[in-house]
Structure formats: structure tokens, C-alpha cells
Amino acid sequence: MKKYFVYVIELDEKVNNNKKFWQKNHKYIRGNGYVYVGLSARKPEIKFKQHKEGYKANYFAKLYGIEIFPVPHEKYKPISTRKNAEEIKFMLGKALTLKQFGV
């Protein structure tokens with residue numbers, strides 16, 4: 001049975017210079033940090049490495065990714081269904097946005 005992982009990658013503040021990222025994060029409060037929230041069948045550490053190498057990578061995670069961000073997503077892994085993982089990813093992204101992170 002396939003398992004899924006929800007993870008968060010801390011992004012370099014230079015991502016703020018990207019117009020597309022800034023337009024989606026206009027409520028961001030400077031100093032709160034920038035993150036990418038992802039979902040994968042791979043463990044977060046492996047998926048982070050893949051992002052940095054450009055393999056099935058998110059543009060922002062590849063260019064600006066620093067490290068796996070320590071958030072309570074650890075309690076969500078592994079997740080047994082993709083649907084549940086997508087819901088958790090959405091909720092986590094929303095929670096970080098409400099805390100005014102750049103997501």
C-alpha cells in the first residue's frame with residue numbers, strides 16, 4: 001500500500017523578489033518566513049533532494065529551498081491515502097498563510 005508524506009520546505013527570502021510569488025503572498029508580514037508546502041510518496045528528505053536536483057521539482061523549492069521546515073507535519077506521516085494527504089497539505093498551507101508566512 002502506497003503511503004504519502006506532507007512536508008514543508010523553508011525558502012530563502014530572495015523568493016520575495018519573484019513577482020509571481022509576491023502576488024500570491026501580498027498579506028505576508030516581513031520576518032515571518034517563506035515556505036513551500038508539498039506532498040509526495042517519498043520521504044520529505046528524499047523529496048527535498050529531488051527538488052534541489054530538479055527532478056519533478058517545484059520551481060520555488062528548486063531555486064529557493066533551504067531545508068525541510070520543522071512544523072508539526074511529522075504527526076501526519078505516513079498518510080494512507082492521497083486524498084487525505086491532499087486535504088492535510090491544503091489545511092497546513094492555509095494555517096501557515098493565516099500565520100502570515102509566504103506560502
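## The sheet

In this predicted model, three strands form an open, antiparallel sheet in the order β2-β1-β3, where strands are DSSP runs (E, at least two residues) numbered from the N terminus and two of them pair if DSSP finds at least two bridges between them. The edge strands, each pairing on one side only, are β2 (34–40) and β3 (65–68). Neighbouring strands of the sheet are turned by 35° against each other on average, direction ignored, with axes fitted as lines to C-alpha atoms.

Strand β1 (residues 5–11) runs antiparallel to β2 and is joined to it by seven bridges; F5 has S40 of β2 as its bridge partner.

## Helices on the sheet

Helices are DSSP runs as well (H or I, at least four residues), and contact means heavy atoms within 4.5 Å. Helix α2 (residues 44–53) packs on the sheet and touches β1, β2 and β3, its direction making about 170° with that of β3. Helix α4 (residues 82–98) also packs on the sheet, touching β1 and β2, and its direction makes about 175° with that of β2; such angles run from 0 to 180 degrees between N-to-C directions, with helix axes fitted over the stretch in contact.

## Source of the values

Residues are numbered from 1 along each chain as its sequence is written, and side-chain values use heavy atoms, with hydrogens and water left out. Because the model is predicted, local features need pLDDT of at least 70 and side-chain atom pairs count only at pLDDT 80 or more, whereas totals for chains, interfaces and linings use all residues.
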